[in-house]
Amino acid sequence: MDTEERRSERSPERAARIPRQLWVEEPAERRRMPDPVRTAAVRAVLIVALTLIQAMVAFLSAMAGSWLAFPTMLSSVGSTVVATWSVLDVWVTRQVWNQRNGVVSVPSSTARRIRRERRRARREARNAARQATRIRRRDTGGLSRA
């Protein structure tokens, strides 16, 4: 059996096969972070990465006995404070976002149940007020229709 025969045998199989996709979309398991939180997180990651690089430079220059060791050590300490602040900023931004825009509800969430009960109470109060005004309108006719 030569190459041409093998190719002709395989060609119907190849035509019947579904081509493999390079990118397969899968549903996300977690929701996407809100924009302000994601911005703060990216900023924090960049600052922490630069702080780690700066600390490594300070350490290596101290080991080498370079004059650069002391200034880089001082700036590393300052950068550590800034990095800590940026990580706390992510946490605070996330908390503020959750307080302003509500908690993400899942079917078993208590927040959803409480909101539903409040809406039901408001709806019943509105309906009771409407009924009261309708009754008053009927009774306050003034003249009889006889």
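Is valine 90 buried or exposed? Valine 90 counts as buried, at 19% relative accessibility. Buried means under 20% relative accessible area, exposed means over 50%, and partly exposed lies in between (1.4 Å probe, protein chains only).

## Model and confidence

This is a predicted model: local features need pLDDT of at least 70, side-chain atom pairs count only at pLDDT 80 or more, and totals for chains, interfaces and linings use all residues. Residues are numbered from 1 along each chain as its sequence is written, and side-chain values use heavy atoms, with hydrogens and water left out.

The predictor's confidence in each residue is pLDDT, on a scale from 0 to 100. The protein averages 82. A score of at least 70 is reached by 74% of the residues. Helix H1 (residues 3-16) has the lowest mean pLDDT among the elements, at 58. H2 has the highest, at 95. Where pLDDT is low, the predicted coordinates should not be read in detail.

## Overall layout

The protein has four helices and zero strands. From the N terminus on, the elements run α-α-α-α. Helices (H or I, at least four residues) and strands (E, at least two) are DSSP runs, numbered from the N terminus.

Of the 146 residues, 11% count as buried. The protein exposes about 13,500 Å². Carbon and sulfur atoms supply 59% of that area. Accessible areas come from the Shrake-Rupley method with a 1.4 Å probe; for residues, only the protein chains shown count as cover.

Contact means heavy atoms within 4.5 Å. Take the contacts between residues at least 6 apart in sequence: 58% of them join residues at least 24 apart.

## Helix H2

H2 has 30 residues. From its first C-alpha to its last it reaches 43 Å, close to the 44 Å expected at 1.5 Å a residue. The expected span is 1.5 Å times one less than the number of residues. Just after H2, glycine 65 takes a positive phi of about 75°.

The buried residues of H2 are Val37, Ala40, Ala41, Ala44, Thr51, Ala58 and Ser61. Helix H3 (69-101) is included in what covers them. Serine 61 lies in H2 and counts as buried, at 9% relative accessibility. Leaving aside neighbours within four places in sequence, serine 61 is in contact with Ser66, Leu68, Ala69 and Thr72.

Valine 90 sits in helix H3. Setting aside its neighbours within four places in sequence, valine 90 is in contact with Ala40, Ala41 and Ala44. Valine 90 and alanine 41 are 49 residues apart in sequence. In space they are 5.6 Å apart, C-alpha to C-alpha.

A salt bridge also joins aspartate 89 and arginine 43, with the closest N and O atoms 3.1 Å apart. This pair links distant parts of the chain: aspartate 89 is in H3, arginine 43 is in H2, and 46 residues separate them. Aspartate 89 is partly exposed, with a relative accessible area of 25%. Arginine 43 is partly exposed too, at 40%.

## Salt bridges within helices

The structure holds three salt bridges. A salt bridge is a side-chain nitrogen of Lys or Arg within 4 Å of a carboxyl oxygen of Asp or Glu. Arginine 38 and aspartate 35 form one of them (2.3 Å, N to O). Both lie in H2, three residues apart, about one turn of the helix. Arginine 38 is partly exposed at 24% relative accessibility, and aspartate 35 is partly exposed at 48%.

Arginine 113 pairs with glutamate 117, the closest N and O atoms being 3.4 Å apart. Both residues lie in helix H4 (residues 110-139), four residues apart. Arginine 113 is partly exposed at 42% relative accessibility; glutamate 117 is partly exposed at 39%. An α-helix has 3.6 residues a turn, so residues three or four places apart point the same way.

## A nonpolar surface patch

Which residues form a nonpolar patch on the surface? The patch is made of Met56, Phe59, Leu60 and Met63. Together they have about 450 Å² of accessible area. Leucine 60 is found in helix H2 (residues 35-64). Patches are made of residues with over 30% relative accessible area and no salt bridge: like charges are joined within 9 Å, nonpolar side chains (Val, Leu, Ile, Met, Phe, Trp, Tyr) within 5 Å.
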